Amino acid sequence: MSDTKAAAVDQVLAAVDAGLEQSLERLYGLLRIKSISTDPAYAAECQRAADWLVQELDGMGFAAKAHATPGHPVVVAHGPEQAGPHVLFYAHYDVQPVDPLALWHSDPFEPVLTTDAAGRKIIVARGASDDKGQMLTFIEACRAWKAATGSLPVRISLMLEGEEESGGKNLPPFMEANRDVLGAADVALVCDTDMWDRQTPSVTTMLRGLVAEEITVTCANKDLHSGMFGNAARNPNQVLAEIIASLRAPDGSVTLPGFYDDVAEISPALKAQWAGLGFDEQAFLGEAGLSLPAGEANRSVLEMLWARPTCEINGMIGGYTGDGFKTVIPAKASAKISFRLVSGMDPEKIRASFRRHVEAMIPADCSVSFHAHGGSPAITVPSDGVHLQQALSGLSAEWGKPAVITGSGGSIPVAGDFKRILGLDTLLIGFAHVDDQIHSPNEKYDLESFHRGIRSWVRVLAAFAA
């Protein structure tokens, strides 16, 4: 970075520090808006949050508009033309319901700056971490750039959703309809993730995909008395149990034909980085009351969570499940089964392989039906990508230690939509912590996360402009 650019970054960081109290007041104002997207009673509050964002972004020189959808508005804002890359920032302004209200220590929509048991200053309110606090780290970084230098370092667009917490079904059609405008960006940014630990920033570059299937095995045409028909009649619970047991081999691997055909090993360098993170497998499992890793043999827990596909039984139903006992052979039994996928795996290929596997195990006088519950591919950002390396550099400069590349065992649909609809890779950069109690009473966001999150985005945007 040139001396001139370095001096500009120092000016902007000084503006962030000097304006922290005002940034907090703006965050408090947004947190007071009860933008609960899943409850129709709060539709006006969601509109109010969208209008609040439009007003703030307009005041910073963005061309901002709240676009109507069949649900809640999508706010889109575009900064002025700038040299260098064009980044598209995504966040959501809606929040989860606050129930159970009795467990909150303060009004969920009246933010409180307090101190936790470790002496850290925290902001307590619904949406403090998920996602209003995270969203404003980026917006306040843009504000600081404008205040200190009169311009933004790169071309910036924002897309702020109001339905993430209620399924986000209207966002993909909106993106499809606005592909020409939104797809003009070079990279997407999402600020809805955690740091690795309190002093180690991270960029999440791997998200697993998902295939979810519900199967129902039918044998007899009605429930049967187990004394009158036992042994002679096929029991769908038994058939289902054999199917489920067949899905994994003794070494923990998934047995579906072709399941691993498109699964690549992670690089030795990335494997070494993960090994150096100091992840405590025993403590991780111990928090869930477990001690022995399951899954594939000879794989680390992080590797299994972030870079390997899996098969899980999410639910099983068959026969009498009420109090007491009923000696019945049920006519039907069902299970809900999900597969988490990694990069390169085709959801429909895995679904077809699973269905063929199940159908081959169904006795001739029985039947099986399938109900798909969605499917999405995994997302992986190339580890040598220029935007990723620039982001890592900016984060490392702020936190004084190397930022790390992490994966996620879960799925974030919007990242898949960015790739599928707009052709954009997504960098997931967040400053939350695992103890933020998102979706729970007493949700919080560390003041340090908010302050240094703003500073981090200042540096990342500068790195993009380098």
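A salt bridge here means a side-chain nitrogen of Lys or Arg within 4 Å of a carboxyl oxygen of Asp or Glu. You're looking at a predicted model, so local features need pLDDT of at least 70 and side-chain atom pairs count only at pLDDT 80 or more, while totals for chains, interfaces and linings use all residues. Residues are numbered from 1 along each chain as its sequence is written, and side-chain values use heavy atoms, with hydrogens and water left out.

**Stop 1: a link across the sequence**

Select glutamate 443 and arginine 126. They form a salt bridge, with the closest N and O atoms 2.8 Å apart. Glutamate 443 lies in the loop between β17 and β18 (444–446), and arginine 126 in the loop between β5 (121–124) and α4, so the pair ties together parts that are 317 residues apart in sequence. Those labels come from DSSP runs, numbered from the N terminus: helices are H or I with at least four residues, strands are E with at least two. Is glutamate 443 buried or exposed? Glutamate 443 is buried, with a relative accessible area of 1%, and arginine 126 is buried at 1% too. (Buried means under 20% relative accessible area, exposed over 50%, partly exposed in between, using a 1.4 Å probe and protein chains only.)

**Stop 2: helix α4**

Now pick residues 132–149, helix α4.

**Stop 3: strand β7**

Select 187–190 for strand β7. Val187 and Leu189 point one way, Ala188 and Val190 point the other, and all are buried. In a regular strand the side chains alternate between the two faces of the sheet. What does β7 pair with? (Two strands pair if DSSP finds at least two bridges between them.) Strand β3 (86–92) runs parallel to β7, joined by four bridges, and leucine 88 has alanine 188 as its bridge partner. β7 also pairs in the parallel sense with strand β17 (426–428), over three bridges. Look there for valine 190 opposite leucine 428.

**Stop 4: an open sheet**

Next, show β11, β13, β9 and β14, which form an open antiparallel sheet in the order β11-β13-β9-β14. β11 (310–318) and β14 (367–376) are the edge strands, each pairing on one side only. Inside the sheet, β9 (209–218) and β13 (332–341) share 10 bridges; find glutamate 214, whose partner in β13 is lysine 336.

**Stop 5: back to salt bridges**

Select arginine 248 and glutamate 312, whose side chains meet in a salt bridge (3.4 Å, N to O). Arginine 248 lies in the loop between α8 and α9 (268–275) and glutamate 312 in strand β11, so the pair ties together parts 64 residues apart in sequence. Both ends are partly exposed: arginine 248 at 26% and glutamate 312 at 38%.

Then try aspartate 417 and arginine 420, a salt bridge with its closest N and O atoms 3.0 Å apart. Both lie in helix α14 (413–422), three residues apart, about one turn of the helix. Aspartate 417 counts as buried at 11%, whereas arginine 420 is exposed at 54%.

Finish by selecting Asp17, Glu398, Glu448, Arg452, Arg455 and Arg459, which are linked in a network of salt bridges.

Methods: The expected span of a helix is 1.5 Å times one less than its number of residues.
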